[in-house]
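Let's take a walk through this protein together, one neighbourhood at a time. Please have the sequence and the model open as you read.

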Amino acid sequence: MMLLTMPRIDAHVHFDTARDLARVAGGLPYALPAPHPLSAYLNALIDAGVTPTLLNNVHLSILPDSQNVFASFAELAGLQERDPFRYGSVRLVGTILADPLYANAERLAHPQIQGIRIVLHDAGPEAVGDDAFTGADWQQLFTRLRPDQHVHVYAQEAAVNLKVLRQLPERVPVLIDHLGTCRPERGVDEPAFAALLREARERGNVYFKGPGYRTAIDAAAALPFAVRIAERVGAHRLLLEASDAPPCRRRPRGPGLRRSLHPSGRVRLRRAACPRHRRTDRHHSRCPASRRIRRDLSDLLLKGKSMTNLIEEEIIFPAPYHDGTHQLRGRVFLPVSLSVEQEKLPPVVFNSGFTGGASMYGQLMGKALAERGYRVMTYDVAGFFKNKDVRNTVRRGDLTVTNVSLEDQKDEVLAAISWTKERFGRMPVVASWAMGSVASLAAVAELARAGGDQVPYYVPMSYTRMSALQNLRADKEAAHAALMGLSDDEPVPPFDTGTEATKLGYYPLDPATQAYVDEQLGSYTDADGVERWPGCSAVTAKSYKECLAFDPEAQLAGASGRFPPALIIHGAENTLHMPEESVRLHQVYPGQKTKAPLLIAGMEHGQQLSAENVVFRYMIENIDCGIRGNTM
């Protein structure tokens, strides 16, 4: 069975138990609400086909403290320990009560605490003093905040939000609840609301979150406020993935509230709030403002796992091939310092296929994982970029011809594993992209047969055998016959896009991926000081013949030895490397694996591989959770 999943985030949700609520029984002006435990929330969503990715458990305003927030961290840890496949991709952070005595250094030091919440309910401007948050105790509290933590303000009037905002230190990020007002009847032209947006824009670090049921149950009522924030402050400061579930007061009648609490309702409002593109899902997915709306929750809430201080280290490592050893250039990405927990993380080797490596996706993956505490080793494959002259290239007149050898790339993966183990004292995780996943599968199988040390976790992404790519050719039978008839050292173009000029190319590209290559991939290599992708002008006909015959998957049925747990990832919209390839690999893979491959909705081949893309962040989050759940 294929698993289609999409990253889901909730920037504002409350989890509590009957024990938590019993502390305020009889003290509320309305009936005690029903408990809302984390486990019930997760099970309801997962059973409905929604995979929660990032949740922010916000201080519940009716409780005297935030102990329920800390309890939810322990509850999720227990769920993930019991069933890592069901709950392993969930990340939970928390926002605690903003009280100078309660939010002490010890509580704020918890790595999952990402903010403090000022609760003012329906207090009017006259009830909030001009120096309410400027005293020494409050200033000390703000000083205790880490750079990744923010101040969350809940007030029902725009004028109160503005009054509080002007008292907060400008260096501290601020998150304002309910789109800045719970008085939608006053309209977007209310002077206090307009002044709040001006102040937020001038500060440059103020976010607005909503809608939540307090702003408006009906999306149409909340929409003008979301649009005005996007226009005046910026869509990248607007977080619309926030349910505020469950409501504390008695629920209003009608279906509006239930729809607003469901992720699909938030998607509709987010789409409508996207300036200039309000037509279709496809337009919405491609709208830059929409992408920034979704991205910014991660910007604000994922900073606890993100570090700006990284080390990039150039290395040289030996790669033993069948006919001799050569020295390859590589790179290591690692944090400047490691926490006690991060020191327990295994190192990671990342390899990419065809031409990939440190000069392309390696630097992207390396930085993303290093920001989460991993030490990542990556390299360019022999024959390309910084290892172009090491091996697998020959000169034919003015032409440099490259031989693409998956057998060599398998040896390089083994060499990288060996070097990384020696450097960091532990077998590394192996994460691979595209055809690199074929080479790494062969390496993992060879380690299994050898019976010695095995890598602790394996992440093949966009796995595809060379034979499957032939279906993209304009005339695959004729092209195959022509390529097989060439001498081994005959140069052919790197790609076949179905045109007359490239009909005998080595690597078939679908038109959409060719456009992506033309528009985007060059920027990876240009930034690394090497020639533009693909780093070669011609490849040998031998490359096609050998790579077509290289099929480690065929040996898995009767494989012996210990295979590592695997997370098999593929883009559900990948038209170059088809998702069916990873589905088949998942079926035959002999090691422990998730119940189904992770097929990510909205993900094509490489189009979403950029540091700021929510799909890429979702993929990295799943890799991180998988490694932690299987190696620590």
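Which residues does Lys209 touch, not counting residues up to four places away in sequence? They are Ala11, His12, His152, Leu175, Ile176, Asp177, His178, Leu179, Leu239 and Ala242, where contact means heavy atoms within 4.5 Å. Lys209 is found in strand S8 (residues 206-209), and at 1% relative accessibility it counts as buried. Buried means under 20% relative accessible area, exposed means over 50%, and partly exposed lies in between, with a 1.4 Å probe and protein chains only. Among those neighbours, Asp177 also makes a polar contact with Lys209, side chain to side chain, at 2.3 Å. A polar contact is a pair of N or O atoms within 3.5 Å; within protein, one must be able to donate a hydrogen and the other to accept it, and residues adjacent in sequence count only if both atoms are side-chain atoms.

A word on where these values come from. This is a predicted model, in which local features need pLDDT of at least 70 and side-chain atom pairs count only at pLDDT 80 or more, while totals for chains, interfaces and linings use all residues. Residues are numbered from 1 along each chain as its sequence is written, and side-chain values use heavy atoms, with hydrogens and water left out.

Now step back to the whole protein. It has 23 helices and 23 strands; these are DSSP runs numbered from the N terminus, helices being H or I with at least four residues and strands E with at least two. Of its 632 residues, 60% count as buried. Among the contacts with a separation of 6 or more, 76% are between residues 24 or more positions apart. The protein exposes about 24800 Å², with carbon and sulfur atoms supplying 52% of it; the areas come from the Shrake-Rupley method with a 1.4 Å probe, and for residues only the protein chains shown count as cover.

Next, the interior. A nonpolar core is a set of buried Ala, Val, Leu, Ile, Met, Phe, Trp, Tyr and Cys residues joined through side-chain atoms within 4.5 Å. The largest one has 96 residues, of which Met461, Tyr506, Met619 and Ile623 touch the most other members. Helix H17 (residues 435-450) gives the most to this core, with nine residues. Met619 is in contact with Met365, Met461, Ile569, Ile600, Met603 and Leu609, leaving aside neighbours within four places in sequence. There is also a second, separate core of 66 residues, which includes Leu145, Val151, Leu168 and Leu196.

Beyond its neighbours within four places in sequence, Thr464 is in contact with residues including Ala434, Met435, Leu469 and His577. The side chains of Thr464 and His577 are joined by a polar contact of 3.3 Å.

Let's turn to a sheet. Four strands form an open sheet in the order S14-S15-S21-S18, with mixed pairing; two strands pair if DSSP finds at least two bridges between them. Strand S14 (393-396) and strand S18 (491-492) stand at the edges with a single partner strand each, so one side of each has no neighbour in the sheet. S18 pairs with strand S21 (residues 538-540) in the antiparallel sense over two bridges, and Val492 has Val539 of S21 as its bridge partner. Helix H21 (residues 541-549) packs on the sheet, touching strand S15 (399-402) and S21, and its direction makes about 55 degrees with that of S21. Axes are lines fitted to C-alpha atoms, for helices over the stretch in contact, and angles run from 0 to 180 degrees between N-to-C directions.

Finally, some backbone details. Most residues other than glycine have a negative phi, and most peptide bonds are trans. Here, a cis peptide bond joins Ala245 and Pro246, with omega about -10 degrees, and Pro246 is found in the loop between strand S9 (238-239) and helix H11 (256-261). His121, in strand S5 (residues 113-121), has a positive phi of about 50 degrees although it is not a glycine. At 28% relative accessibility, His121 counts as partly exposed.
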